[in-house]
Amino acid sequence: MEPERTCVGCRRREPRSALLRVVAVEGALVPDAATRLPGRGSWVHPTSACVDQAVQRRAFTRALRLNAGPDASAVQAFVSTEPAAPTAE
């Protein structure tokens, strides 16, 4: 059984393979598709809608325990270039 994580954007629980791990490195969000970067991570669906919703709600700031809002441009660029993953509903 695969561990489940909660998307910080839409708050739905999914298997961790369906989500993208995001970490903060020097005040900027970095996509961690390989789940190998050190430090606290947050999980988000690899869609622009979930990433935008998480930024709007300041969910990355809370989940990663940051003092200021991080730069999410690298994550937004990553999800815009990724092919859309099929969703099971």
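The following dialogue examines a predicted model of one protein chain.

Residues are numbered from 1 along each chain as its sequence is written, and side-chain values rest on heavy atoms, with hydrogens and water left out. As the model is predicted, local features need pLDDT of at least 70 and side-chain atom pairs count only at pLDDT 80 or more, while totals for chains, interfaces and linings use all residues.

Student: Is Arg 21 buried or exposed?

Tutor: Arg 21 lies in strand 3, residues 20–25. Buried means under 20% relative accessible area, exposed over 50%, and partly exposed in between (1.4 Å probe, protein chains only). Because its relative accessibility is 11%, Arg 21 counts as buried.

Student: With which side chain does the side chain of Arg 21 make a polar contact?

Tutor: A polar contact is a pair of N or O atoms within 3.5 Å; within protein, one must be able to donate a hydrogen and the other to accept it, and residues adjacent in sequence count only if both atoms are side-chain atoms. The side chain of Arg 21 also reaches a backbone atom, the oxygen of Leu 37, at 2.9 Å. The side-chain partner, at 2.5 Å, is Asp 32.

Student: Where does His 45 lie, and which cysteines does His 45 touch?

Tutor: His 45 is placed in the loop between strand 5 (41–44) and helix 1 (48–56). With a relative accessibility of 6%, His 45 is therefore buried. Contact means heavy atoms within 4.5 Å. Not counting residues up to four places away in sequence, the residues that His 45 touches include Cys 7, Cys 10 and Cys 50.

Student: What is the phi of Glu 26?

Tutor: Most residues other than glycine have a negative phi. Glu 26 sits in the loop between strand 3 and strand 4 (28–32) and is exposed, with a relative accessible area of 83%. Although Glu 26 is not a glycine, its phi is positive, at about 50°.

Student: What value does phi take in Arg 58?

Tutor: Arg 58 belongs to the loop between helix 1 and helix 2 (59–63). Its relative accessibility is 59%, so Arg 58 counts as exposed. Arg 58 is a residue other than glycine with a positive phi, near 60°.

Student: How far apart in space are Pro 3 and Pro 15, C-alpha to C-alpha?

Tutor: Pro 3 is in the segment before strand 1 (4–6) and is partly exposed, its relative accessible area being 39%. Leaving aside neighbours within four places in sequence, Pro 3 is in contact with Glu 14, Pro 15 and Arg 16. Pro 3 and Pro 15 are twelve residues apart in sequence, and their C-alpha separation is 5.8 Å.

Conventions
Helices (H or I, at least four residues) and strands (E, at least two) are DSSP runs, numbered from the N terminus.
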